[in-house]
Amino acid sequence: MSSVDSKKVLIALDYDDQGKALAFVKQLSPSTCRLKVGKEMFTLFGPDFVKQLVDLGFDVFLDLKFHDIPNTVAKAVTAAAKLGVWMVNVHASGGVAMMEKAKAALTPFGDKAPLLIAVTVLTSMDEIQLKQLGIDKSPQEQVLYLAKLAQQAGLDGVVCSAQEAQLLKSQLGSEFTLVTPGIRPAGSDAGDQKRIMTPERAVASGSDYLVIGRPITQAADPVAVLTEINESLGD
Ligand SMILES: O=c1ccn([C@@H]2O[C@H](COP(=O)(O)O)[C@@H](O)[C@H]2O)c(=O)[nH]1
């Protein structure tokens, strides 16, 4: 399924200015990328901003990482589905009951339901930070553990780093979708990301979708960087 998807890049639109974000989006085509709206833009500009992107024809990943009691999360993913988004996510650490209820809430939307995926271990975290949380596992072990829970709950895939992609594909199968932030073209600044990989290596490792924000949006010529990345992936 997603491994043959030629639109692998999901651009993280982390702008604090809606006008600037829309000016950038208008230089893009829904045939060359998908868009991700996260907590900053959703908090600033709300569902209307998401609807504008959907109305422009883009597949939108609503990256709000829901984490709450099952009933609340089920209602939140229902609200996301009503916006017409392509993908939505929850935190796997919310537990199997929460993930199952979220998945069940999307049944009434049939083939119009967004893909539902779960965040495992944030790509900004390393082993030291996991230890600070009382988790005595490597990021790989914890990602695999949470990804298995997400699969058991019937979710479509997970958010992980590309460094875990090969392991997850071998353990959970090729149909389980892997969405990987922490993508950094060679030579670009890692910023706050800890578990990073280049676009080409990420795809070779099994990533289905690459979430890329600052390396594109903060470039002098963002469209040229996107084109270069797509070309490097053979898309
Ligand atoms: O584990 C995660 C989950 C989500 N993100 C989000 O992806 C983008 C990454 O942006 P960059 O500028 O390319 O670092 C951002 O919106 C995060 O909220 C993540 O990085 N890691």
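Val 37 of strand 2 (residues 34-37) stands opposite Leu 62 in strand 3. The structure is a predicted model, in which local features need pLDDT of at least 70 and side-chain atom pairs count only at pLDDT 80 or more, while totals for chains, interfaces and linings use all residues. Residues are numbered from 1 along each chain as its sequence is written. Helices (H or I, at least four residues) and strands (E, at least two) are DSSP runs, numbered from the N terminus.

Strand 2 is joined to strand 3 (residues 60-66) by three bridges, and the two run parallel. On pairing with strand 1 (residues 9-12), strand 2 again takes the parallel sense, over three bridges; two strands pair if DSSP finds at least two bridges between them.

| Residue | Opposite residue |
|---|---|
| Leu 10 | Arg 34 in strand 2 |
| Val 37 | Leu 62 in strand 3 |

In a regular strand the side chains alternate between the two faces of the sheet. Both faces of strand 2 are covered: Arg 34 and Lys 36 on one side, and Leu 35 and Val 37 on the other, are all buried. A residue is buried if 20 or more other C-beta atoms lie within 10 Å of its own, exposed if 12 or fewer, and partly exposed in between, with C-beta atoms placed from the backbone.

Strand 2 takes part in a right-handed β-α-β unit with strand 1 and helix 1 (residues 18-25). Another right-handed β-α-β unit consists of strand 2, helix 2 (residues 39-55) and strand 3. A crossover is right-handed if, with the strands pointing away from the viewer, the path from the first strand over the helix to the second runs clockwise.

Eight strands close into a barrel in the order 1-2-3-4-5-6-7-8, with parallel pairing. Neighbouring strands of this sheet are turned by 25° against each other on average, direction ignored; axes are lines fitted to C-alpha atoms, for helices over the stretch in contact, and angles run from 0 to 180 degrees between N-to-C directions.

Ser 188 lies in the loop between strand 7 (177-180) and helix 8 (199-205). Ser 188 counts as partly exposed because it has 17 C-beta neighbours inside 10 Å. The C-alpha atoms of Ser 188 and Thr 198, ten residues apart along the chain, are separated by 9.4 Å.
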